[in-house]
Amino acid sequence: MSGRLITFFNNLTFRRKILSICILISLIPMLLFGIVSYIQISGQMIHREENNLNETLRQTADSIDYKLNSYMDALSMVLWHDPLKTGLLKDYATNYDQYIFYKEEVDPLFLTIRSLNTDISTVSLYTSAPGLHPHGDYVLRMEAARDMPWYEQAQRATRPFFQVSQDGSRLFLVCRMYYSYAAPTSIACITVNMSDLFGSAQNLVEGSYCFLLTDAEGNPIYRTSSFPEDAGNIPLSYQEFSSKELSSQELTSGDIPSDYVATCYRLNNASWTAWLYRPSGELLTAYRHFQLTAVLLALLCIAVSFLTAACLSRVMSRPLEALSEDILQVEQGNYEIAAKRPEHCPRRDEVGKLQRAFRAMVVQLNHLINEVLIAQIEQQKYELRILQSQINPHF
């Protein structure tokens, strides 16, 4: 194959050889420079986007952590409120005594918690204390908690924990009341709407993105997305994502496609991990004008290279083509080129020297041919006169 290319190149005219060499010399560095520049710029843009996503996710996670910490503080106000614990263990002689307990201890405490933190939708206390009647949403019997998703874990947990509802729309913060001795079981529960907790996760970045929150096992808890096919902010329980969104298994296992930019951040107040990712192609759309400008400049440079190569090949090959034409005419016996005196060649380079030397040689050759031809004619005339002088006496 290489031999055929060499033969093909050798058979090209001198002008086409110069044109091909000039085009290759100009295009190869330009293409290499363009490819390397594109790769470098794309890598820098993606790296900068990763840093931006890291900073954005860190700020969002810190905001969520701050809210979770405020919920923990609110729960601590319930767990360590001594008058409340005393009232839960007291034997009430009349319903009026319970009413006084609710009015003086429970209502002020729970109202204060909700006024200090507007994200909290309900504060409830589930108790198995005998004789204690329910009081709105504040005090409920333990039987009412049996259908709650956190009930089983609350029976054995000794520390506060977070639990997401089955439909993914609510967050529960649950813990048993602390007693220094055996007492009826009481469980405090704070309920928060997920949309209020993750309000800071809305409109994180421009364009398509997805914010995902996973639990300790890697199961999705909540997401908000701006992908085109997404209908809005969708709270999840444990379900898979749509085709354009990465699954929680892909993120937690590190099997992230190369056409995505992703980052994660672990929350301090819960065993949750926040993820933020977006398609890397979304980044390049912001630089389309730069790419278009670069392509136009590249095309302009290629056009200039072609024109320059064509002009250079024409300038370089024209004297050689003229010399080749002179040689062809001499080969065919046309010596009119002798009229072209060597001093009529304006070029002073190597090709010009070659032209002048060739034309001088042709002039000299023409002169020698003319001398030989004249000598032969004169000799023939002389021989003819001798022959005539020998024939005349016979007549």
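Author: A disulfide is a covalent bond between the sulfur atoms of two cysteines. In this predicted model, the count comes to 0 disulfides, a pair being assigned when two cysteine sulfur atoms lie within 2.5 Å.

Reader: Is Cys189 buried or exposed?

Author: Cys189 counts as buried because its relative accessibility is 1%, and the cut-off for that class is under 20%. Cys264 has a relative accessible area of 43% and is therefore partly exposed.

Reader: Let us turn to the rings. How many aromatic pairs are there?

Author: Two rings pair if their centres lie within 6.5 Å. The count here comes to 10 aromatic pairs. One of them joins Tyr92 and Phe101, with ring centres 5.9 Å apart.

Reader: Why is the pair of Tyr92 and Phe101 classed as tilted?

Author: The planes of Tyr92 and Phe101 stand at 35°, so the pair is tilted; planes under 30 degrees apart would count as stacked and those over 60 as edge-to-face. Tyr92 and Phe101 are both buried, and together with Tyr102 they form one aromatic cluster.

Reader: What geometry do the rings of Tyr260 and Tyr277 show?

Author: Their centres are 5.8 Å apart and their planes are at 70°, so this pair is edge-to-face. Tyr260 belongs to strand S8 (residues 260-266) and Tyr277 to strand S9 (residues 273-279), so the contact ties together parts that are 17 residues apart in sequence.

Reader: Are Tyr260 and Tyr277 buried or exposed?

Author: Both Tyr260 and Tyr277 are buried.

Methods. Residues are numbered from 1 along each chain as its sequence is written. This is a predicted model: local features need pLDDT of at least 70, side-chain atom pairs count only at pLDDT 80 or more; totals for chains, interfaces and linings use all residues. Side-chain values use heavy atoms; hydrogens and water are left out. Buried means under 20% relative accessible area, exposed over 50%, partly exposed in between (1.4 Å probe, protein chains only). Rings of Phe, Tyr and Trp (its six-membered ring) pair if their centres lie within 6.5 Å; planes under 30 degrees apart count as stacked, over 60 as edge-to-face and the rest as tilted. Helices (H or I, at least four residues) and strands (E, at least two) are DSSP runs, numbered from the N terminus.
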